[in-house]
Amino acid sequence: LHIAIMRRAVVHVAHGSVVRDVTKVAASAPGLFVLFCGDKVNVGGQERSWCPDCVRAEPLIEEAFSSLTTVHLSNVDGSESGDVPFLVCDLPREPHKQADFHLRRDPLIKLTCVPTLAFVTGGARPRVLFKLEEPSSADDFVPVLTALEDFQ
């Protein structure tokens, strides 16, 4: 499996525009990763997420993606697609916990918790291929790699 992730081009997007941004990027990519996590706050003089699960998951996500040197997916016509974009959406604590938060109700995202890593298929009608919610060990990423292999 060769996954082309734009490691140097991690893009941070605002939660208010993330659905539009995902749809726009998906239109021209074979797929993309979106990481939803708690935004950074000052805790004891250090910038870190307000979300303890996000703090625990961050090194796991870094480790999982550092082992993927490049990921290349093919376009529908079989041509080489290039890199798979990686979007990060940092969420404020209070709005995200409300039942009527727009990303909980969104038919594409359906966010239930943070951290959540999603892989969204590309094309005119994007869909979430898989979501990894609250990873707690490196083993949690095995289904991610399997899903990507099946996707190709």
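A salt bridge is counted here wherever a side-chain nitrogen of Lys or Arg lies within 4 Å of a carboxyl oxygen of Asp or Glu, and a search of the whole structure on that basis finds 4 of them. The model is predicted, so local features need pLDDT of at least 70 and side-chain atom pairs count only at pLDDT 80 or more, while totals for chains, interfaces and linings use all residues. Residues are numbered from 1 along each chain as its sequence is written, and side-chain values use heavy atoms, with hydrogens and water left out.

**View A. The salt bridge between Glu58 and Lys40**. The two side chains meet at 3.5 Å, taken from N to O. Because Glu58 lies in helix 2 (residues 52-66) and Lys40 in strand 3 (residues 40-43), the pair ties together parts that are 18 residues apart in sequence; helices (H or I, at least four residues) and strands (E, at least two) are DSSP runs, numbered from the N terminus. Glu58 is partly exposed at 43% relative accessibility, and Lys40 is partly exposed at 40%, where buried means under 20% relative accessible area, exposed over 50%, and partly exposed in between (1.4 Å probe, protein chains only).

**View B. The salt bridge between Asp53 and Arg56 within helix 2**. The side chains of Asp53 and Arg56 meet at 2.2 Å, N to O, and the two residues stand 3 apart in the helix, about one turn. Asp53 counts as partly exposed, with 26% relative accessibility, whereas Arg56 counts as exposed, with 51%.

**View C. The salt bridge between Lys131 and Glu133**. Here the N to O distance is 3.9 Å. Lys131 is partly exposed at 31% relative accessibility, and Glu133 is likewise partly exposed, its relative accessible area being 35%.

**View D. The hairpin of strand 3 and strand 4**. Strand 3 pairs with strand 4 (residues 46-49) in the antiparallel sense over 4 bridges, pairing being assigned if DSSP finds at least two bridges between two strands. Across this pairing, Asn42 stands opposite Glu47 in strand 4. The hairpin has 2 residues between its strands, and Gly44 in the turn has a positive phi of about 60 degrees.

**View E. The cysteines Cys51 and Cys89**. With a disulfide defined as a pair of cysteine sulfur atoms within 2.5 Å, the count comes to 0. Cys89 is in no disulfide, and the nearest cysteine sulfur, that of Cys37, is 7.8 Å away. Cys89 is buried at 0% relative accessibility, and Cys51 is buried at 4%.
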